[in-house]
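Please read them alongside the coordinates.

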Amino acid sequence: MNAEDPDFIRTARASYDALATDYAAHVPDGLATRPVDRALVTAFADLVRANGTAPVADLGCGTGHVTARLHELGVPVFGVDLSPRMVALARRTYLELRFHVGTMTALDLPPETLGGIAALHSVVHVPREHLPALFQEFHRVLVPGGHALLAFGTGDDDHLHMAERFGHEIALDHHWHSTATVGSLLEGAGLHLVARTLLEPEGNGKRQRAVLLARKPAKED
């Protein structure tokens with residue numbers, strides 16, 4: 001945690017700290033009920049393993065469900081979340097896994113450290129103007145041939161401000177990015193798109209969810 005963190009990081013951290021216990025109780029493991037999502041995560045794990053033994057960082061890991069799934073798939077993995085309380089919950093739930101407090105925008109890692117990055121529904125808290133720097137950070141920490149898997153609600157670069165959830169006062173912004181915007185910015189950061197999947201809204205939902213897979217070129221490419 002850093003006093004120089006941008007406002008959107010500080011407000012998201014405070015919001016998730018306030019929500020952590022109720023979030024864990026009311027927001028289920030999405031992979032448990034979404035077979036298509038599980039298949040995409042499994043494909044990502046296969047690609048990471050095929051490229052070497054470097055670990056995966058689950059960025060915005062929350063209570064650790066995706067981190068645990070990747071571990072089950074045989075990938076060396078650790079979770080990172082900006083909320084200390086969410087990290088504490090993840091550590092209590094998955095005792096055998098590693099979770100760290102940190103931000104995806106400024107990873108405390110040397111260059112070319114990670115075999116993969118999973119950022120499932122966490123980039124929605126990053127404003128459009130901060131995405132180029134975020135994806136450049138992804139490029140910096142990925143090994144050549146490493147993959148990044150992103151999932152996010154789609155929209156025409158609009159956003160929703162949440163002032164309350166589960167009875168808690170919060171200040172949490174959701175930024176709905178278009179697939180064209182995210183794809184273009186990934187390419188601009190040197191991460192080449194491998195796959196783009198759109199998932200239709202579930203239940204009473206109104207937004208499609210996008211899953212993008214991108215790859216840092218290998219040195220022999």
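1. Leucine 150 sits opposite leucine 212 of strand 9, in a predicted model where local features need pLDDT of at least 70, side-chain atom pairs count only at pLDDT 80 or more, and totals for chains, interfaces and linings use all residues. Residues are numbered from 1 along each chain as its sequence is written, and side-chain values use heavy atoms, with hydrogens and water left out. Helices (H or I, at least four residues) and strands (E, at least two) are DSSP runs, numbered from the N terminus.

2. Strand 5 (residues 142-153) and strand 9 run antiparallel and are joined by 7 bridges; two strands count as paired if DSSP finds at least two bridges between them. Within this pairing, leucine 149 has leucine 213 of strand 9 as its bridge partner.

3. Strand 9 (residues 209-215) has 6 of its 7 residues buried, so the rest of the structure largely encloses it. Buried means under 20% relative accessible area, exposed over 50%, and partly exposed in between (1.4 Å probe, protein chains only). Strand 9 also pairs with strand 8 (residues 192-199), in the antiparallel sense and over 7 bridges. There, arginine 196 has leucine 212 of strand 9 as its bridge partner.

4. Strand 5 is likewise largely enclosed by the rest of the structure, because 11 of its 12 residues are buried. Strand 4 (residues 114-120) pairs with strand 5 in the parallel sense, over 6 bridges. Leucine 120 stands opposite alanine 151 of strand 5.

5. Helix 3 (residues 35-50) has 16 residues, which at 1.5 Å a residue should span 22 Å; its end C-alpha atoms are 22 Å apart, so the two values agree. The expected span is 1.5 Å times one less than the number of residues.

6. Asp37, Val41, Phe44, Ala45 and Val48 are the buried residues of helix 3. They cover an arc of only 100° around the axis, which puts them on the same side of helix 3; the arc is that of the directions from the helix axis to the C-beta atoms. Pro35 and Ala50, on the other side of helix 3, are exposed. Just after helix 3, glycine 52 has a positive phi of about 140°.
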